[in-house]
Amino acid sequence: MLQDTFGRVHDYLRISLTDNCNFRCTYCMPVEEMQWMPSSKLMSKEEILKMAEVFVGLGVNKIRLTGGEPLVRKEFPEILQGIAKLPVEATITTNGVLIHKHLEGLKAAGVRSVNVSLDTLNREKFQKLTRRDQFDQVWENILLLLEEGFRVKINAVALHGMIEEEICDFVRATEKLPIHVRFIEFMPFAGNHWSSKQVVTAKQMLDLVTAEYSVEKLVDEKHDTAKKYQVPGFAGTFAFITTMSEHFCGDCNRLRLTADGRIKNCLFGKEELDLLGAMRAGQDVIPLIKTSVTRKHSALGGQFTADYLQADPDKIDNRSMITIGG
Ligand code: SAM
Ligand code: SF4
């Protein structure tokens with residue numbers, strides 16, 4: 001069991017399959033040109049599956065494949081198949097644009113829930129934000145997932161200047177569609193030019209929604225990062241991921257493995273231990289995993305405090321989100 005010094009048990013692993021992506025979301029990738037990792041530095045398919053097996057042996061029962069964009073990794077189907085053979089709930093986070101090519105594989109692997117990122121319902125804004133004209137394909141794929149019976153969560157990063165105009169449109173979309181939209185407060189990572197002024201908090205967003213709709217608070221499950229709501233009678237729900245205004249670190253059960261095989265015990269943690277290097281040198285990775293868990297800080301990677309207004313992005317030592325794996 002992977003228990004840290006604060007009593008938190010870690011049973012959920014997110015594995016990044018690549019730092020590469022077919023989108024260029026401005027809040028996720030460094031504005032400066034990205035240098036992709038050479039493939040020799042990435043975990044191979046076999047190494048990913050070996051790592052996953054080790055983590056499962058230590059009590060992990062849920063694995064999320066992410067990236068970069070996990071579906072651009074050529075061996076994605078085989079990796080997913082391999083993960084599906086383990087006694088875990090397998091799931092993915094994707095920008096959705098390639099979903100139609102992977103539906104059968106997702107079904108065969110027993111994936112039931114898919115997180116699709118979509119920050120705007122407006123085609124022009126989508127193109128500006130992702131630097132790709134793919135809104136229609138992503139939306140079609142969301143509908144396809146629903147038709148095929150998947151539970152679809154939509155991740156929308158709440159960007160100041162955009163979410164204010166769109167939040168009620170997203171909530172309106174939950175009237176007929178059984179989608180679960182999660183508005184994520186904008187977080188600071190290397191190269192994304194974060195400032196506290198760009199954060200729109202859950203409270204501010206909820207005020208905008210309740211100006212138009214009466215809403216009901218739903219019960220949140222254990223380890224849920226999202227605070228859920230519903231407009232009574234609507235098919236879907238909406239929620240807020242309040243990392244900045246009200247962190248949920250006290251209940252954290254998540255670990256991350258970067259595409260180059262480093263364990264991160266926190267999204268905001270600066271410490272990384274090189275599991276891949278150890279594995280390639282024929283060493284046992286379990287002591288490193290345990291060390292990483294033991295060193296986990298109580299909150300926010302120990303890099304800033306609950307008062308996000310005081311967070312100084314220049315003092316946060318971390319990777320860009322695209323290279324961590326969200
Ligand atoms: N490419 C996939 C996707 O877009 O879903 C998976 C990787 S992406 C890094 C994972 C999630 O992180 C996405 O939902 C994305 O919107 C979110 N994300 C990226 N940068 C973020 C930031 N600065 N603040 C909040 N969420 C962010
Ligand atoms: Fe790519 Fe996802 Fe980052 Fe957008 S949020 S650049 S789709 S990894």
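Start at the ligand: an oxygen atom of ligand 1 lies 3.3 Å from a side-chain N or O atom of asparagine 155. That is a polar contact (a pair of N or O atoms within 3.5 Å). The protein buries 95% of the 550 Å² that ligand 1 exposes when taken alone; these areas use the Shrake-Rupley method with a 1.4 Å probe.

This is a predicted model, in which local features need pLDDT of at least 70, side-chain atom pairs count only at pLDDT 80 or more, and totals for chains, interfaces and linings use all residues. Residues are numbered from 1 along each chain as its sequence is written, chains are lettered from A and ligands numbered from 1 in the order in which they are written, and side-chain values use heavy atoms, without hydrogens and water.

Two further contacts hold the eye. A nitrogen atom of ligand 1 is 3.0 Å from a side-chain N or O atom of glutamate 69. An oxygen atom of ligand 1 is 3.2 Å from a polar backbone atom of threonine 94. Strands S3 (89-94), S5 (151-158) and S6 (179-185) each give two or more residues to the shell. Strands here are DSSP runs (E, at least two residues), numbered from the N terminus.

Now the sheet. It is open, with 12 strands in the order S7-S8-S9-S6-S5-S4-S3-S2-S1-S10-S11-S12 and mixed pairing. Strands S7 (216-217) and S12 (273-274) stand at the edges with a single partner strand each, so one side of each has no neighbour in the sheet. Pairing takes at least two DSSP bridges between two strands. S8 (226-230) and S9 (237-241) run antiparallel, joined by 4 bridges. There, tyrosine 229 has phenylalanine 238 of S9 as its bridge partner.

Notes. A polar contact is a pair of N or O atoms within 3.5 Å; within protein, one must be able to donate a hydrogen and the other to accept it, and residues adjacent in sequence count only if both atoms are side-chain atoms.
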